[in-house]
Amino acid sequence: MKLQDLIMAVKEQNLTKEQLESYRNDMSSVYAQMQLEMASLEKQEALFMGKLEGSAISRKIAWKTTEAGQRLIVLKRYTLAVKELLNSLKSRLYSIY
């Protein structure tokens, strides 16, 4: 299931315990995949920074303008959103138990 589909599904208020558990598992899997991709991009960032001359700020800006840098920016925000949704799912599950 895609992240956008998960977000829309989780917004549903009348989910069963089984549905909440399934969405939590799916969301956890998506979160883990994003974390692995972020690790790879952060390694690329470190190598990119080591190859350039100039100030740290100019190297950081140069990195952020690359396709990989843009993807890392998006993933950082997505992981924050997914983390919040996971917390929400956990709270909803605890209220059922």
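Start with T79: is T79 buried or exposed? T79 is buried, because its relative accessible area is 6%. The cut-offs are these: buried means under 20% relative accessible area, exposed means over 50%, and partly exposed lies in between, with a 1.4 Å probe and protein chains only. T79 sits in helix 4. Helices here are DSSP runs of H or I with at least four residues, strands are runs of E with at least two, and both are numbered from the N terminus. Leaving out residues up to four places away in sequence, T79 touches Y31, M34, Q35 and M38. Contact means heavy atoms within 4.5 Å.

A word on the source. This is a predicted model, where local features need pLDDT of at least 70, side-chain atom pairs count only at pLDDT 80 or more, and totals for chains, interfaces and linings use all residues. Residues are numbered from 1 along each chain as its sequence is written, and side-chain values use heavy atoms, with hydrogens and water left out.

Stay on helix 4. L75 is also placed there. L75 counts as buried because its relative accessibility is 0%. What does L75 touch, not counting residues up to four places away in sequence? The answer is M34, E37, M38 and L41. L75 and E37 are 38 residues apart along the chain, yet their C-alpha atoms are separated by 8.3 Å.

Now helix 2. It covers residues 17-51, which is 35 residues. The expected span is 1.5 Å times one less than the number of residues. The buried residues of helix 2 are L20, Y23, M27, V30, M34, M38, L41, E45 and M49. Look at the spacing. An α-helix has 3.6 residues a turn, so residues three or four places apart point the same way. What covers the buried residues of helix 2? The cover includes helix 1 (3-11), helix 3 (56-64) and helix 4 (67-96).

K17 is in helix 2 too. K17 counts as partly exposed, because its relative accessibility is 30%. Leaving out residues up to four places away in sequence, K17 touches L93, I96 and Y97. K17 and R92 are 75 residues apart in sequence and 8.8 Å apart in space, C-alpha to C-alpha.

On to the core. A nonpolar core is a set of buried Ala, Val, Leu, Ile, Met, Phe, Trp, Tyr and Cys residues joined through side-chain atoms within 4.5 Å. The largest one has 22 residues, and V10, Y23, M27, V82 and L89 touch the most other members. Helix 1, helix 2 and helix 4 each supply at least two residues of this core. Take Y23. Leaving aside neighbours within four places in sequence, Y23 is in contact with M1, L6, A9, V10, L15 and L89.

Last, helix 1 against helix 4. They pack at an angle of about 35°, with axes 11 Å apart. Axes are lines fitted to C-alpha atoms, for helices over the stretch in contact, and angles run from 0 to 180 degrees between N-to-C directions. Helix 1 supplies L3, Q4, I7 and V10 to the contact, and helix 4 supplies Y78, V82, L85, L89 and R92.

L85 touches I7, V10 and M27, not counting residues up to four places away in sequence. L85 and L3 are 82 residues apart in sequence and 11 Å apart in space, C-alpha to C-alpha.

For contrast, look at M8 in helix 1. M8 is exposed, because its relative accessible area is 55%.
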